[in-house]
Amino acid sequence: MYRFNYEAPTSIDGTLTALRNNSEAKIIAGGMTLLPTMKLRLASPDYLVDINNIQSLAGITKNNGSIVIGAMTRHADVASSALVRDCIPCLANLAEAIGDRQVRNRGTIGGSVANNDPSADYPAGLVGLGATLVTDRREIEADDFFTGMFETLLKEDEIITAVRFPIPKRAAYMKFPNPASRYAIVGVLVAETSNGVRVAVTGAGSCVFRAQAMEVALENEFTPHAIALLTLDSTKFNEDIHATAEYRGHLVNVMARRAVSALT
Amino acid sequence: MKVSFSVNDKTVESDVEPRTLLVDFLRNNLGMTGTHVGCDTSQCGACVVHMDGRSIKSCTLLALQAEGREITTIEGLAVGDKLHPMQAAFREEHGLQCGFCTPGMIMSAIDLLQNNGDPTEGEIRDGLEGNICRCTGYHNIVKSIQTAAKAQ
């Protein structure tokens, strides 16, 4: 790791000040991606602003029919939350299947979505459930937030404070994990919400996306059969040593059908 | 930068570079070499310690991030000559081959039983996802944890 300076403010205001005073500063949340990236010298921020000491950023509450999860809530705490298990069990399952226990004890929902790894699970969780991101200055719909590979609408000095999930009628998340890293080679979240059916796909493309054709088909008939013959255009899907683009395209359909089966 | 935290119930204070990892601080500054560095990429789990009672990978935490926290390492488990029940179970069931992964395995195993006192074999294997044994000696490691769970 290259040298850097470090500060751990205890308030959002203190964090904003630190970020504004240091143009090359980077926020560190759980650090499960940032620290390994810095060790490999793929990232070299000269100033780290650690937000782990801001108590108000962690915690899970139920509010007006929504579950609100603080940005610094660890994956392990989402997975074991009775409130999440009760209201949105698929979100607890999604959190439980991220990385390994030690990663889940540190990694945070805010850090995961701010990083927007194309194979991360939470982006599918947020988009599939129609969540809203709350930052220090505004609210952003998950549909708009994720803009491309590792790209989001966040400004350089903007901090995610919480994610608000409307409680769906029913929802399931199925992923085909990379057996070593547990990142999603493909992950699909299917939700029936008060605003209709939503299908969000992670791992397949450069960024999480909604499979609209599947949403329409499932709106008509909520069965695995209804989407069995729907193939997505996989020409621009990710391709690596783990899976070809074509295989990922195939997996999207398989995972989507498994999710629907789990709900019917 | 100044840092102060507890390691195995003793307060340590030091001046560290911000880029110092917790595992390097434990090994190089405190001379506590029971916590191992295997992959150094948060995959293998040889470096697992507990922070405030939860297992974490100490190769993926800055020493400064332990400020004010309680760290427990493999050296902090035994009381005098009396092994921790998990250590005793690993000894009893021969839950090790070369022993390199053992400190991390034991620290993860203790956290596993904290969260699930009566795990099935499958749950133990899932719970050890973050720990790799290069000797592939998982069979006796799983047996050791089953023995420790029964002894509780």
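Reader: Which residues of H12(A) are buried?
Author: This is a predicted model, in which local features need pLDDT of at least 70, side-chain atom pairs count only at pLDDT 80 or more, and totals for chains, interfaces and linings use all residues. Residues are numbered from 1 along each chain as its sequence is written, while chains are lettered from A and ligands numbered from 1 in the order in which they are written. A residue is buried if 20 or more other C-beta atoms lie within 10 Å of its own, exposed if 12 or fewer, and partly exposed in between, with C-beta atoms placed from the backbone. In H12(A) the buried residues are A:Arg248, A:Leu251, A:Val252, A:Asn253, A:Met255, A:Ala256, A:Arg257, A:Ala259 and A:Val260.

Reader: How far apart are the end C-alpha atoms of helix H12 of chain A?
Author: Helices (H or I, at least four residues) and strands (E, at least two) are DSSP runs, numbered from the N terminus. The expected span of a helix is 1.5 Å times one less than its number of residues. Helix H12 (residues 245-263) of chain A has 19 residues, so it should span 27 Å, and this agrees with the distance between its end C-alpha atoms, 28 Å.

Reader: Which elements do the buried residues of H12(A) pack against?
Author: Packing is judged by contact: two residues are in contact if their C-beta atoms, placed from the backbone, lie within 7 Å. The partners, all in chain A, are strand S11 (170-177), S12, strand S13 (196-202), helix H10 (212-220) and helix H11 (224-227).

Reader: Which residues touch the most other members of the largest nonpolar core?
Author: A nonpolar core is a set of buried Ala, Val, Leu, Ile, Met, Phe, Trp, Tyr and Cys residues joined through C-beta atoms within 7 Å. The largest one has 81 residues, and those touching the most other members are A:Val186, A:Val188, A:Val190, A:Val199, A:Val201, A:Ala256 and A:Ala259.

Reader: Which strand gives the most to this core, and why does the core lie between two domains?
Author: Domain bounds come from an automatic or database domain assignment. Domain 1 (1-50) and domain 2 (170-263) of chain A both give residues to this core, so it lies between them. The element that gives the most, with seven residues, is strand S12 (residues 184-193) of chain A.

Reader: What is A:Val190 in contact with, leaving aside its neighbours within four places in sequence?
Author: A:Val190 is one of the core residues that touch the most other members. Its contacts beyond those neighbours are A:Gly128, A:Ala171, A:Ala172, A:Val199, A:Ala256, A:Ala259, A:Val260 and A:Leu263.

Reader: How many residues of chain A and of chain B are in contact, and which helix of chain A gives the largest share?
Author: The contact joins 18 residues of chain A to 21 residues of chain B. Strand S1 (5-7), helix H2 (34-39), strand S3 (47-50) and helix H6 (101-106) of chain A each supply at least two residues of the chain A side. The largest share of that side is five residues, from H6(A).

Reader: Where is A:Asn116, and is it buried or exposed?
Author: Phi of A:Asn116 is near 50°, a positive value in a residue other than glycine. Most residues other than glycine have a negative phi. A:Asn116 sits in the loop between helix H7 (109-115) and helix H8 (122-129) of chain A. It has 21 C-beta neighbours inside 10 Å, so it counts as buried.

Reader: How does A:Phe150 count, buried or partly exposed?
Author: A:Phe150 lies in the loop between strand S8 (146-148) and strand S9 (151-152) of chain A, with a positive phi near 55°. Because it has 15 C-beta neighbours inside 10 Å, A:Phe150 counts as partly exposed.
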